[in-house]
Amino acid sequence: MTTQFIENMAVEITGEGEPIVCLHGLGGSSNNWTPVEPALANFQLVRFDLPGSARSSGIGGDLSIESIADRIVQACGKLGINRAHFLGHSLGTIVCFHIAATQPRLVKSLALFGPLLCPPDAARPNIRARADKARNEGVKGMQEIADAIVAGAISATTRREQPAVSALVRESIMRQDAQGYARCCDALANAQAPSVDAIECPVLLVTGDQDGVAPPQAVRAIADRIPGSRSTVYAQCGHWTTFERAHDCMRDLKDFYSGRFQ
């Protein structure tokens, strides 16, 4: 494994083969992909800590989905990546959609967990309130945000049967820089849906039946707009898909990539 800082973002690079660019969600890090690494053994994994998140929290200025996508594209260029598979979760899926819509030659496939094009209008005030809480209350606010996300974004089954997952999600959020997290919330709250109707690469969309961020009906609506895309819904699963249902994610990733790309 090598870790580089490109466009002020921490980038972990492991393995050999075709590159898979991995983009985590709000409150996440490159560790979001550790549970599914065995399914990606034949690829080179290029795992970013997104601007404002984890080790990349020090990037200054306002963040937007477009600016994050631009940084990822520029970093790919500096890494010599001209074409790659893209793997995303939550906020990272919005960035993936933007890159696929604006830089189609760069994107060989999309595998997206908890996918959304942008937040529904009804959710935007709550995201902005979360940004204000992180910005104004710092560490204390981040703990309260983490506890609320564990209670609301992980399925009851996961909380009961996999307490380590709850601890991992809580730790991932609590360890975020409060100001960086607030700026990521701003980017998410202001996100506008990209045009995905012209996406032609293979697309896998995965969500949980208890995912309130990317509910199954919304994910199916996205799939209906992208010809040939596949959508899957996991039972008793919330929004943190790769943590809650790692074995199912690995199965579907292996199936998605096998034959078609290997």
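**View 1. Helix α3 gives the largest pocket the biggest share of its lining, eight residues.** This is a predicted model, where local features need pLDDT of at least 70, side-chain atom pairs count only at pLDDT 80 or more, and totals for chains, interfaces and linings use all residues. Residues are numbered from 1 along each chain as its sequence is written, and side-chain values use heavy atoms, with hydrogens and water left out. The pocket's volume is about 730 Å³. Of its 33 lining residues, L116, R130, G212, V213 and A214 sit closest to the centre. Two or more lining residues come from each of α3 (124–153), α6 (178–189) and α7 (216–225). A pocket here is an open set of points on a 1 Å grid over the protein atoms alone where a 1.4 Å probe fits, with protein on both sides within 12 Å along at least five of seven lines; lining residues have an atom within 4 Å of a point. Volume is the space filled by probe spheres set on the points, joined across faces, edges and corners. Helices (H or I, at least four residues) and strands (E, at least two) are DSSP runs numbered from the N terminus.

**View 2. Eight strands make an open, mixed sheet.** Their order is β1-β2-β4-β3-β5-β6-β7-β8. At the edges, β1 (2–6) and β8 (230–234) each pair on one side only; pairing takes at least two DSSP bridges. Strands β3 (residues 19–23) and β5 (residues 84–89) run parallel, joined by four bridges, and I20 has H85 in β5 as its bridge partner.

**View 3. Helix α2 is largely enclosed by the rest of the structure, because 10 of its 12 residues are buried.** Buried means under 20% relative accessible area (1.4 Å probe, protein chains only). Among them are F97 and H98.

Terms used. Buried means under 20% relative accessible area, exposed over 50%, partly exposed in between (1.4 Å probe, protein chains only).
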